[in-house]
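The entries below follow the order in which I looked things up.

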Amino acid sequence: RWIADTLIFNKEKLKDLAVRMEKKFDLKIEVQSEKLKEKRFSGTFVNENVQQALEALKLSYPLTYTIHNRLVIIKD
């Protein structure tokens, strides 16, 4: 659900959330763990940049990520 620059997600699998984040932030997200792809997250992003959004996800699960130009790689 989109409201202005808001991304709302509730118990959404990271593999599905990544697709929505790709559209929101205009970049490519690669999740490199099958277990992590199935991990569910809930939250709301309002005006965050991609790094702030990833840091927020890290509060729920100890994932790591790298950002290279328009490519984000997420690992556990």
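Where does Asn69 lie? I found Asn69 in the loop between strand 5 (64–68) and strand 6 (71–75). Helices here are DSSP runs of H or I with at least four residues, strands are E runs of at least two, and both are numbered from the N terminus.

**Ground rules.** I noted that this is a predicted model, where local features need pLDDT of at least 70, side-chain atom pairs count only at pLDDT 80 or more, and totals for chains, interfaces and linings use all residues. Residues are numbered from 1 along each chain as its sequence is written, and side-chain values use heavy atoms, with hydrogens and water left out.

I checked phi for Asn69 and got a positive value of about 55°, although Asn69 is not a glycine. Most residues other than glycine have a negative phi. Asn69 is exposed, with a relative accessible area of 76%. My cut-offs: buried is under 20% relative accessible area, exposed is over 50%, and partly exposed is in between (1.4 Å probe, protein chains only).

I then moved to Arg70, which sits in the loop between strand 5 and strand 6. Arg70 is partly exposed at 48% relative accessible area. I listed its contacts (heavy atoms within 4.5 Å). Leaving aside neighbours within four places in sequence, Arg70 touches Phe25, Asp26, Leu27 and Lys28. I also took the C-alpha separation of Arg70 and Leu59: 23 Å, for two residues eleven apart along the chain.

**Asp26.** Asp26 is in the loop between helix 1 (14–25) and strand 3 (28–31). Asp26 has a positive phi of about 55° and is not a glycine. Its relative accessibility is 59%, which makes Asp26 exposed.

**Ile73.** I went on to strand 6, where Ile73 lies. Ile73 is buried, at 14% relative accessibility. Outside the four places on either side in sequence, Ile73 is in contact with Glu30, Gln32, Thr64, Tyr65 and Thr66.

**Aromatic pair.** How many aromatic pairs does a search of the whole structure find? It finds one. Phe9 and Phe45 form a tilted pair, 5.0 Å centre to centre with 55° between the planes. Rings of Phe, Tyr and Trp (its six-membered ring) pair if their centres lie within 6.5 Å; planes under 30 degrees apart are stacked, over 60 edge-to-face, and the rest tilted. Phe9 is in strand 2 (residues 6–13) and Phe45 in strand 4 (residues 40–46), so the pair ties together parts 36 residues apart in sequence. Both Phe9 and Phe45 are buried.

**Whole chain.** I counted three helices and six strands, in the order β-β-α-β-α-β-α-β-β. The radius of gyration is 11 Å, which agrees with the value near 11 Å for a compact globule of 76 residues. That radius is taken over C-alpha atoms, and the globule rule is 2.2 Å times the number of residues to the power 0.38. Of the 76 residues, 38% count as buried. Among contacts between residues at least 6 apart in sequence, 52% join residues at least 24 apart.
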